[in-house]
Amino acid sequence: MTGNHQTLALLLFSVFVAITLGITTWVSRSRQGSAEEFYAGGRLFSPMENGFAIAGDYMSAASFLGISGLISLFGYDGLLYSVGFLVAWLVVLFLVAELVRNCGRFTLADVIAARMNERPVRIASGTASVTVSVLYLVAQMVGAGSLVALLLGDTGEAAQAWAVIGVGALMVIYVSLGGMRATTWIQIVKAVLLLGGTIVLTVLVLVRFHGDFDRLLRTAAERSGHGAAFLAPGLKYGGDWIARFDFISLGLALVLGTAGLPHILARFYTVPTARAARRSVVWSIGLIGGFYLMTIVLGFGAAAIVGPDAVRGSNASGNTAVPLLALDLGGGAGSTGGAVLFAIVAAVAFATILAVVAGITLASSASVAHDLYASLRRRSTAPRSEVTVARIAAIGIGVIAIGLGLLARDLNVAFLVGLAFAVAASANLPVLLYSLFWRGFTTRGAVWAVYGGLVPALVLVVVSPVVSGSPQSIFPDVDFQIFPLQNPGLVSIPLGFLAGWLGTVTSAEVPDEAKHAETEVRSLTGAGAV
Amino acid sequence: MRYEDPWYDALASGWGEADTPNTSGTEVPAARRERVDGAAAAAQVYVEVQRSEAFQEVRTRYRRFVIPAVIGFFLWYVAYVVTATTAPGFMARPVWGAVNVALLAGLGQFLSTFLLTWAYSRHARLHRDRAALELRWDTQELTREARGGAV
């Protein structure tokens, strides 16, 4: 029977691919291909649609499979992740969403460059955005590869490689042909599928325990072999002080990183007004919060029903906990119900990865075309249409992501996601907040803030135990490790803010007060917003 | 009601007028000079709106909600993460059945996020949206006039 759920999973996944390709052709028919259309989908999505699309953009396979898996193995410590991912949305809602919608057009750099000497700021911010996107993209590609291996039972390298290439090719097609409109609809479909699947599984877990959450927790704690310690923090991030600081660093990166993710910021431009942007964030907070609450039930449910030993036996980092749980809830291995539920979970996980990578590819192609190409192109050459450049950039980014995804096949997905968040929080958030709220901020401050966060974050990772000096490193045989933490956020985020401040106070440039007035008035009222 | 805003006081030195693009030394064709003057006048509109009482009121209302809320939830989150990593013993203290302090704190984070989201959107809808929208139309009207009505 093991072949059955795999065939069914492949079938469901093919249906999803067919539907999404259908959406892509449908929305790209008779479009004039303006930048407005390609980057922002015409800006006419409703708050509810955009809220679902944001949720679909944000809830990656790492959160669907990863967090539940962590909870099933380490109990409470897995939950710490989901809290960080959710609370981060308050930063977005309070400080970023409406103001960015009012001030910008397509990218993060639009908001910053409005007040500054445009060229250096655009190059800096575009570089940082592309870096964050590529890191996040590689994480998703690696996830896609290992997911195929896990779900199809084929651990061969060829299957993983083809999965990475296939995902890369699909995302390039979605983005370069369908632009933001196709990407948005794919994310909405995915969000509905993901939430639907999660609700079904959660209800089944609760039914199994007759709605008694307390008994679910006690059973999970008993089966874990850790007893009450399973329900308290410390199983994963306890240990020595380095591990604890590492977690604090990760927590900081999670909560501050979301507001600096280019593909999340790009979503606010798809609605007509700041008020609609706010309402879409409210929608997405509701959806994402509900989703994470359900992953808690699924994680403890997997611990209680499947048991940590079986989860660990299937995949050491727990990524298969939810599929195994689905198999059991449907009636166990060999039953039709089990095969169907397993196939649904597998297909939903694939859909999740595709929707997320499409969103990131679009945002990074926008950064390449709108920020980098527009600033770096030689003035003498005839300008190509920006959208054409963006379409080509999407292909280039797809190729880079496939290449890095194949190289980084063995890296831990959660680590890569944490790193992307740390870089976003260090390089993008300080400059964004300074531009929106600090009257005296100057061009030099902006450039320093970006590089002052970006460079330390990347350098600290290179000299961290992730790259060298420990058996789990990328290069276990050499040792140039200086920095003890895996996540650089604790150091690099303050450095980003510090560099922005330092660059501003040391620059001779007199801040342009009229432009600050314009930014402030526009950000809070929406005057002149596109 | 007067809002004590250090920024505002610093602004009162007539810097806005000095903003005209530096065109001295180059010959500016008449049409372009007109456009430059229009743009400078439009920039001046934003300065005037920024100084207006109506805008100050919108900004005050925004800041009065957002600053304490950001400080509040950020400290609450940092306290949660630091407590979870440094004092697992305290977090493991049972409260009711299998539910312990850690679980309550975690669910408390979810709850506070939902409540703050609701409070913020309600505050913005009731106290900010209308005034901001009026300012938006007024500002756009003024910039259009300043540009010479052609835009």
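Predicted model: local features only at pLDDT ≥ 70, side-chain atom pairs only at ≥ 80, totals over all residues.
**Stop 1: where the chains meet.** Start by showing chains A and B together. The contact between them draws on 46 residues from chain A and 50 residues from chain B. Now colour the chain B side by class, and you'll get 32 nonpolar, 14 polar and four charged residues.

**Stop 2: the cores.** Next, select A:Leu325 and A:Ala420. These two have the most contacts inside the largest nonpolar core, which has 213 residues. Highlight helix α15 (residues 336-376) of chain A too, as the largest share of this core, 25 residues, comes from there. Then hop over to a second, separate core of 17 residues; among its members are A:Ala514, A:Val521, B:Ala42 and B:Ala132.

Back at A:Ala420, look past its neighbours within four places in sequence: the residues in contact with A:Ala420 are then A:Val132, A:Leu135, A:Tyr136 and A:Ala139.

**Stop 3: two crossing helices.** Finally, select α3 (residues 47-58) and α8 (residues 157-208) of chain A. Their axes sit 7 Å apart, and the helices pack at an angle of about 75°. Angles of 65 to 115 degrees count as roughly perpendicular, so that's what α3(A) and α8(A) are to each other. Zoom in on the contact and you'll find, among others, A:Phe52 and A:Ala53 from α3(A), and A:Ile188 and A:Ala191 from α8(A). By class, the residues of this contact are six nonpolar, three polar and three charged.

Technical notes. Residues numbered from 1 in each chain as written. Chains lettered and ligands numbered in written order. Contact = placed C-beta atoms within 7 Å. Nonpolar A, V, L, I, M, F, W, Y, C, P; charged D, E, K, R; others polar. Core = buried A, V, L, I, M, F, W, Y, C linked by C-beta atoms within 7 Å. Buried ≥ 20, exposed ≤ 12 C-beta atoms within 10 Å, placed from the backbone. Helix = DSSP H or I, 4+ residues; strand = E, 2+ residues; numbered from the N terminus. Axes fitted to C-alpha atoms, helices over the stretch in contact; angles between N-to-C directions. Parallel < 35°, antiparallel > 145°, perpendicular 65-115°, else oblique.
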